[in-house]
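User: I would like to learn how to read a chain interface and a sheet. Please take them in turn.
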Amino acid sequence: MIQIQNLNRHFGGRFRQAKVSAIAGLDLTIQPGELFGLVGPDGAGKTTTLRILAGILKPSSGTATVNGHDVVDDAEAIKQELGYMPQQFGLYPALTVDENLNFICDVFGVFGNAREQRIQELLDFTNLHEFRGRLGRQLSGGMQKKLSLTAALVHHPKVLLLDEPTTGVDPVARREFWDILTMLHTEGSTVIVSTPYMDEAERCNRVGLMYDGQLMVCDTPNAVKRMLPGMMFALRADNLMLAENVLKTVEGIHDIQPYGDVLNLLVEDESVGTRITACLHDAGVKIESLRPAPPRLEEAFIYFVRQFSTNHVQEVSA
Amino acid sequence: MTNRHMMAIARKEWLHITRDPMTIFLLAIGPVLMLILVSYAMATDVENVPTVIYDLDQSELSGQLADELDATNVLDVQGYVSSEAAYQDKLERRKTKLVVIIEEGFGEQISTLDGLMSLETAKPKFSFVIDGTDPISAETALEAAMKTSEAFVTGQLGAVLDEQQAAGMADDLITLYRLQLESPINTTVENRYNPDLKAIWDLVPAMIAVALVLPGMSISTVIARERSEGTLEALVATPINKHAILLGKSLPYMITSLINVCLMYVVARVVFDVPFRGSLPLYLLLSALYAFATLSIGLLFSILIPSMEAALWASMMFFLFPGVLLSGMFFPVDVFPFLVKIETIELPVVSGVIINRGMFLQGVGARELWWNIVVLLIIALEGFEIAGRLFKKRIA
C-alpha cells in the first residue's frame with residue numbers, strides 16, 4: 001500500500017534561483033494490486049512524485065510510505081521491494097542487453113538457474129531475445145524502454161513504478177507494453193504508471209489527474225468521465241474556426257475542444273443543441289452534423305485542466 | 001550567413017560554460033593558478049636548504065663558519081651532529097639535504113702563521129655529504145657551502161697574511177701566499193644515494209609516483225559519467241549499499257594501479273637500470289596505500305563535482321600540476337616554502353614521490369617513512385569516509 005500525505009517538494013530557491021514548487025500538498029492512497037495511472041500535463045509533478053516514492057528524492061515536507069516504509073527514513077528498504085523504471089533510459093549504453101540484465105541480477109541477488117530462468121521469461125514477453133548481444137546504445141527507443149522494464153522486473157517487485165514507460169514508443173510496442181502491465185496487474189502486482197496518453201489512462205483501474213503539483217481528480221476512468229457536467233456534442237461544420245469563435249459567446253457551453261475536423265462541445269444539457277444550431281446558422285456556418293457523443297477521458301482531462309487553471313489564475317490574482 | 005551561424009554557436013557555447021559554475025570557476029582560476037605556480041618555481045632561487053654541521057674541530061672559528069653558512073640565503077643550518085650515524089639518520093629521514101664536515105685542526109690552521117705556511121702541502125679539508133635524490137637543491141646548496149667556506153678561509157688567512165705583511169714579511173712570499181689563497185681549501189663530496197648523479201635515477205622513481213595519479217584522475221569522472229549518461233537515477237534506485245558502489249567503482253582502478261606499479265617497477269629496473277634498495281613487499285604495500293589515497297581523493301572529486309569536465313579539471317589541478325611541480329622532478333621541492341609545509345598533508349603525490357625515491361635510492365623502510373605513511377593513510381581513509389558520507393543515494 002502506498003500512502004502520501006500532504007506531500008510538498010520544491011526546487012531551486014538558492015543562489016537567487018526562482019523557487020519552483022513541483023508538488024504542493026499532494027494526498028493519495030493506492031491499495032495493493034491497483035493499476036494506477038498518474039496523468040497530467042508536462043510539469044504537473046508526476047516524475048517528482050514517482051521519484052519520491054522510489055526513495056531517490058527527499059520531499060520538502062509531508063510524508064509518504066511504500067508498504068509501510070517511510071520514503072526518507074527507510075528508503076533502502078523500499079528499494080529492495082520496488083521496481084522503478086525512470087523516464088530516461090537508465091541502463092548502461094556501453095553494455096549489452098545481457099550484461100545489463102546480469103548486472104541487475106547481481107544487484108538483486110538473483111543467481112544460478114533462477115537467474116537464467118527469469119531472464120528467459122522476461123525476454124520472452126518483451127521480445128528482446130534476438131537483441132541479447134546488442135549494446136544498450138544501439139537499441140531503438142522502444143527497445144530501450146522494454147529493456148528498462150525488464151530490468152525493473154528481475155526481482156519480482158511487489159510494487160512497480162513506471163515513469164512514462166511508453167513515451168516515444170511506437171503504437172505496436174505500446175500495445176505490447178500495456179499487455180505486459182495488464183498481465184502484471186492480474187498477477188497481483190501494484191503498478192503505478194505515469195503517462196501523458198489518455199487512451200492509456202483508460203486502461204488503468206484508477207487514475208489521478210495531476211496539475212500544478214496537486215491531484216485534481218482521482219477515481220476510476222468511468223467515474224472521472226461521469227464527473228463532467230452536462231453532456232457532450234460532436235460538431236462537424238464547413239468552417240470550424242469561425243464556428244469556434246461564434247460558439248465562445250453562446251451560453252450553456254462549458255468547453256470547446258477542437259479535435260481534428262470535429263469540435264467537441266461540452267454543454268449544460270441537450271437543449272443547448274438548438275441554440276447552437278441557431279447561432280451557427282446566423283453566422284453563416286454550414287453544419288454537417290451535430291450529435292451527442294460519449295465523453296472520453298481526454299475531454300474530461302482537458303476540461304478539468306482548464307477549470308483548474310482558470311480557478312488557479314483567479315486565486316492568484318485575487 | 002557564416003558569421004551569424006558562428007555567433008549563434010558562440011553564444012550557445014558561452015551559455016553552456018556559464019551554466020556550470022564549477023567549470024567557469026576552474027576555467028577562470030586554473031590558468032592563473034598555473035601561472036603563479038610555474039612562475040614561482042622558475043623564478044625563485046633555492047633557499048633555506050636544511051643543512052647540518054658535523055664539527056670535529058669544535059673551535060671558535062668553526063662556530064663562526066657555521067654562522068656564516070647559516071647567514072646565506074641558500075642554506076639553513078639546523079644544528080650540529082655528533083656522529084656519522086647521526087647525520088646518516090637525518091639524511092634518511094630527509095631532515096637534511098647537506099652535511100658539512102669540518103675536520104679537526106681547522107681553526108688552528110686558518111688562524112696561525114703555521115697554518116698559512118702549511119697551505120702548500122695541506123689545505124684545510126672540507127667534506128660535504130649531499131642527498132642526491134633532490135639534485136637541484138643539493139647541487140645549489142653544495143655550491144653555496146663551498147663558496148662560503150672558501151671565502152671564510154680566504155678571509156681568515158688573508159688577515160693573518162696582512163699581519164705578516166705589516167710585520168715585514170718578504171714581498172715575494174706575500175705574493176706567493178696570496179696566489180695560494182685563491183683556492184685555499186680541499187674538498188671531497190660524497191653524493192649519497194646517487195653517486196654518479198644520474199638524472200634518470202632521480203627522475204624515474206618520482207615519475208612512477210606522478211604517473212600513478214592518472215587512475216585517480218580518471219576515477220574523478222565516474223559519478224559524473226553516470227549522471228550525464230542518465231544511469232545514476234536507476235543506479236541509486238537499486239538497494240545497493242552506497243559504500244559498495246564506491247568500493248566497487250574503485251576496485252578496478254585499484255587493480256590497474258597495482259598492475260601499473262609492477263610494470264613500472266620492472267621498467268625502472270630493467271630499462272633504466274635504477275637500483276632498488278628497499279624491501280619489495282613493503283614497496284608494493286606502500287604503493288597500494290598510495291594508489292588508495294589518490295583514488296579516495298579522485299572519488300571525492302567525483303562526488304563533489306557534478307560535471308565530467310569540471311571534475312577532470314579539478315583533478316588535473318590537484319594531482320597533475322602540483323604533482324609534477326612539487327614532486328621535485330623539474331624544480332627543487334624547497335622552492336615552495338609555504339607549500340612544503342602543507343604539501344605532504346594535502347597532496348598524496350608528494351608522499352608518493354618521497355616513498356618511491358626513498359625505497360629505490362635510499363633503501364629506507366617504514367621507520368624512516370612513517371610520516372608519509374601516516375599522511376597517506378589519513379588521506380586514504382578520510383577521503384573515502386568523507387566520500388561515503390557525501391554520496392547520497394538520491395538524485396537531488
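Analyst: Start with polar contacts: a polar contact is a pair of N or O atoms within 3.5 Å; within protein, one must be able to donate a hydrogen and the other to accept it, and residues adjacent in sequence count only if both atoms are side-chain atoms. Across the interface of chain A and chain B, nine residue pairs are in polar contact (both at pLDDT 80 or more). This is a predicted model: local features need pLDDT of at least 70, side-chain atom pairs count only at pLDDT 80 or more, and totals for chains, interfaces and linings use all residues. Residues are numbered from 1 along each chain as its sequence is written, chains are lettered from A and ligands numbered from 1 in the order in which they are written, and side-chain values use heavy atoms, with hydrogens and water left out.

User: How many salt bridges link chain A and chain B?

Analyst: A salt bridge is a side-chain nitrogen of Lys or Arg within 4 Å of a carboxyl oxygen of Asp or Glu. The count is two. A:Arg51 and B:Glu233 meet in a salt bridge at 2.8 Å, N to O.

User: What area is buried between chain A and chain B?

Analyst: Interface size is often given as the accessible area lost when the parts come together. Here the probe is 1.4 Å and the loss is summed over both parts. The area is about 1,700 Å², and carbon and sulfur atoms give 58% of it. In chain A, A:Ile56, A:Lys79 and A:Tyr92 lose the most, together 29% of what that side buries.

User: In which sense do β3 and β8 of chain A pair?

Analyst: Strands pair through backbone hydrogen bonds, either parallel or antiparallel. Strands are DSSP runs (E, at least two residues), numbered from the N terminus, and two of them pair if DSSP finds at least two bridges. Strands β3 (35–39) and β8 (190–195) of chain A are parallel, over five bridges. A:Gly37 stands opposite A:Val193.

How values were computed. Helix = DSSP H or I, 4+ residues; strand = E, 2+ residues; numbered from the N terminus. Buried area = accessible area lost by both parts, 1.4 Å probe.
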